[in-house]
Amino acid sequence: ITYVKRGLLASKIGLKEGMKLVAINSRPVANDPWTVAIEVLTKSIGEKVEIEYLDLKGIKKVANVTLE
């Protein structure tokens, strides 16, 4: 993750620059912004999304979020 805009969903769930996305809805993202875009932009407001990521210490975390 290279940039997180304050006030948007990513910052609200605690994602920060330097963390690494692993998967969205169990689909590996492998640092591919197109996969991230497809997995998020094809969803509707109110749908739930599971985001797997590595925190700054490399520990795997999971956030279940509802799109706003």
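Trainee: How many bridges join E3 to E4, and which way do the two strands run?

Mentor: 7 bridges join E3 to E4, and the pair runs antiparallel. Two strands count as paired if DSSP finds at least two bridges between them. E3 and E4 have 7, so by the rule of at least two they pair. Within the pair, Tyr-53 stands opposite Lys-61 in E4.

Trainee: What kind of model is this, and what limits apply?

Mentor: The model is predicted: local features need pLDDT of at least 70, side-chain atom pairs count only at pLDDT 80 or more, and totals for chains, interfaces and linings use all residues. Residues are numbered from 1 along each chain as its sequence is written, and side-chain values use heavy atoms, with hydrogens and water left out.

Trainee: What makes up the secondary structure of the protein?

Mentor: The protein has 2 helices and 4 strands. Their order from the N terminus is α-β-β-α-β-β. Helices (H or I, at least four residues) and strands (E, at least two) are DSSP runs, numbered from the N terminus.

Trainee: In what order do the strands form the sheet?

Mentor: The order is E2-E1-E3-E4, in an open sheet with antiparallel pairing.

Trainee: Why are E2 and E4 called edge strands?

Mentor: Strand E2 (27–28) and strand E4 (60–66) each pair on one side only.

Trainee: Why is the contact of Lys-12 and Glu-68 called a salt bridge?

Mentor: The definition asks for a side-chain nitrogen of Lys or Arg within 4 Å of a carboxyl oxygen of Asp or Glu. Lys-12 and Glu-68 meet at 3.0 Å, N to O, so the pair passes the 4 Å limit. The pair links distant parts of the chain: Lys-12 is in helix H1, Glu-68 is in the segment after E4, and they are 56 residues apart.

Trainee: How many salt bridges does the rule give?

Mentor: The count is 3. Among them, Lys-60 meets Glu-52 at 3.1 Å, N to O. Another joins Lys-61 to Asp-55 at 3.9 Å, N to O.

Trainee: What makes the largest pocket a pocket, and how much space lies in it?

Mentor: On a 1 Å grid over the protein atoms alone, a pocket is an open set of points with protein on both sides within 12 Å along at least five of seven lines. About 720 Å³ of space lies in the largest one. Lining residues have an atom within 4 Å of a point. Of the 23 lining residues, the closest to the centre are Ala-10, Leu-15, Leu-21, Val-36 and Val-40. H2 gives the most to the lining, with 4 residues.

Trainee: How does the lining of the largest pocket divide by residue type?

Mentor: It has 18 nonpolar, 2 polar and 3 charged residues.

Trainee: Why does the radius of gyration agree with a compact globule?

Mentor: The radius is taken over C-alpha atoms, and the globule rule is 2.2 Å times the number of residues to the power 0.38. For 68 residues the rule gives a value near 11 Å; the protein has 11 Å, so the two agree.

Key: On a 1 Å grid over the protein atoms alone, a cavity is a set of points where a 1.4 Å probe fits but cannot get out, and a pocket is an open set with protein on both sides within 12 Å along at least five of seven lines; lining residues have an atom within 4 Å of a point. Grid points are joined across faces, edges and corners, and a volume is the space filled by probe spheres set on the points. Ala, Val, Leu, Ile, Met, Phe, Trp, Tyr, Cys and Pro count as nonpolar, Asp, Glu, Lys and Arg as charged, and the others, Gly among them, as polar.
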